[in-house]
Amino acid sequence: KQIYSRCIMSRGYLAKYKGVMYGTSNTTITHYSPIESSVNTITDFIIGTPVYMTGKVYKHVGDTWVLSTVNDTTDCICSVKTTGSWKEYVGICVRIDEKNNAITFASHGDYLVKVDDSSCYGIGDEVFIDNEDNKLKILSGETAITSKIKRMTVGIITAIIDNKTLACFKA
């Protein structure tokens, strides 16, 4: 019995199984979403900045975005805008698709965030968006975690890429 299980569960087999089950790279949770053209144009969106839900939900059918109905039970995505309240924050813009008037935003995983000055931040800082000025702020150890801060948390800084770009991870 032990010989049989060693044969089946060899290191090569386990590595192959792990690669199939979990992938061989990091996984960022992203969402392809239409912009709400009555609020913003596609050129208003900037990679690495926050996006907010509009209150409208769409389904991507072929090459077009169609307003969702009560019959759509899955794959319905909110349209997005560039500013909003803390309750509307959904993620960080990571790709812009001008042709289809859509963007991709990340809600969890690893992604880059734009800031005015990255020298204000350190590796390991946990940061959130202050929607009063749409700027990234550092959480201190004494910060009370309110519902607003929980929802607006971007993640933990894992690297400083350049003077205006941070790498973040959100679990």
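**Charged and aromatic pairs, checked against their cut-offs**

Author: Asp133 and Lys137 join their side chains in a salt bridge, 3.2 Å from N to O. This is a predicted model: local features need pLDDT of at least 70, side-chain atom pairs count only at pLDDT 80 or more, and totals for chains, interfaces and linings use all residues. Residues are numbered from 1 along each chain as its sequence is written, and side-chain values use heavy atoms, with hydrogens and water left out.

Reader: Why is the contact of Asp133 and Lys137 called a salt bridge?

Author: A salt bridge needs a side-chain nitrogen of Lys or Arg within 4 Å of a carboxyl oxygen of Asp or Glu. Asp133 and Lys137 have 3.2 Å from N to O, so the pair counts. Asp130 joins these two residues in a network of salt bridges.

Reader: What makes Asp133 partly exposed rather than buried or exposed?

Author: Buried means under 20% relative accessible area, exposed over 50%, and partly exposed in between (1.4 Å probe, protein chains only). Asp133 has 39%, so it is partly exposed. Lys137, at 28%, is partly exposed too.

Reader: How many salt bridges does the structure hold?

Author: It holds 6. One of them joins Lys135 and Asp116, with the closest N and O atoms 2.8 Å apart. Lys135 lies in strand β8 (residues 135-138) and Asp116 in the loop between β6 and β7, so the pair ties together parts 19 residues apart in sequence. Strands are DSSP runs of E (at least two residues), helices of H or I (at least four), numbered from the N terminus.

Reader: How do you know that Asp116 is exposed?

Author: Its relative accessible area is 52%, so it passes the cut-off for exposed.

Reader: Why is the pair of Tyr32 and Trp65 called tilted?

Author: A search of the whole structure finds 2 aromatic pairs. Tyr32 and Trp65 form one of them, at 5.3 Å centre to centre and 40° between the planes. Rings of Phe, Tyr and Trp (its six-membered ring) pair if their centres lie within 6.5 Å; planes under 30 degrees apart are stacked, over 60 edge-to-face, the rest tilted.

Reader: Trp65: buried or exposed?

Author: Trp65 has a relative accessible area of 19%, so it counts as buried. Tyr32, at 28%, is partly exposed.

Reader: What makes Tyr52 and Tyr89 edge-to-face?

Author: Their centres lie 6.0 Å apart, with 70° between the planes. That angle is over 60, so the pair is edge-to-face. Tyr52 is in strand β2, Tyr89 in strand β5, 37 residues apart.
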